[in-house]
Amino acid sequence: MRTLILIFSMILMNTIIQAQEKKTFYDFKATTLEGKPFDLSSCKGKKVLVVNTASKCGNTPQYAKLEEMYKKYGGDHFVIIGFPENNFLSQEPGTNEEIREFCTKNYGVTFPMMSKISVKGKDIDPLYQWLTSKDENGVMDAPVKWNFQKFMIDETGHLVGVCAPT
């Protein structure tokens with residue numbers, strides 16, 4: 001009986017240690033469209049909505065609803081972060097400067113927008129590798145299916161859900 005309890009205790013401790021070693025959203029860094037470093041740990045204590053974006057997509061008008069949501073709920077407890085990408089039918093061909101101009105001029109975007117990255121494939125950004133892989137995030141596999149897929153992060157930096165692009 002003691003041996004069984006000892007084995008169970010060792011398995012439990014190993015599981016706890018492995019869970020503690022998993023990365024969180026706060027372990028990543030990004031770069032803004034303006035080329036400035038953006039440490040995602042600056043979002044500690046906030047709910048975060050991460051969205052991969054594109055300027056020439058049928059879903060592009062979602063920028064308006066995202067901005068509306070950000071103006072209503074953004075602040076000390078919630079933030080939206082956009083990550084432009086060109087992974088789907090080359091629907092984000094612009095430079096970071098062109099993306100900033102497009103978002104500001106057409107949709108009045110004020111939520112943080114990061115530099116263009118890859119959200120799938122061999123050159124996937126490390127953040128999106130974490131977001132899309134259960135082995136990395138400990139929660140679920142959630143490959144990006146299209147532009148404007150949303151990932152929900154809780155106040156502790158853990159992935160809690162995914163919303164389809166539409």
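This is a predicted model: local features need pLDDT of at least 70, side-chain atom pairs count only at pLDDT 80 or more; totals for chains, interfaces and linings use all residues.

Residues are numbered from 1 along each chain as its sequence is written, and side-chain values use heavy atoms, with hydrogens and water left out.

Staying with that strand pair, Val51 stands opposite Lys150 in E5, and strand E3, residues 47–53, pairs with strand E5, residues 150–153, in the antiparallel sense over four bridges. Here helices (H or I, at least four residues) and strands (E, at least two) are DSSP runs numbered from the N terminus, and two strands pair if DSSP finds at least two bridges between them.

On to E6: the bridge partner of Phe151 in that strand is Val162, and E5 and E6, which run antiparallel, are joined by four bridges. These two strands form a hairpin with five residues between them, and Gly157 in the turn has a positive phi of about 85°.

What is the order of the strands in the open sheet? The four strands are arranged as E4-E3-E5-E6, with mixed pairing. At the edges are strand E4 (78–84) and strand E6 (159–163), each of which pairs on one side only, and from one strand to the next the twist averages 20°.

Helix H2, residues 62–73, packs on this sheet and touches E3, E4 and E5, where contact means heavy atoms within 4.5 Å. The direction of H2 makes about 155° with that of E4; axes are lines fitted to C-alpha atoms, for helices over the stretch in contact, and angles run from 0 to 180 degrees between N-to-C directions.

Helix H3 has twelve residues, 96–107, and should span 16 Å at 1.5 Å a residue, which agrees with its end C-alpha atoms being 16 Å apart; the expected span is 1.5 Å times one less than the number of residues. After H3 comes Gly108, whose phi is positive, near 60°.

Finally, the cysteines: Cys103 is buried at 0% relative accessibility, and Cys57 is buried too, at 9%, because buried means under 20% relative accessible area, with a 1.4 Å probe and protein chains only.

Key. Buried means under 20% relative accessible area, exposed over 50%, partly exposed in between (1.4 Å probe, protein chains only).
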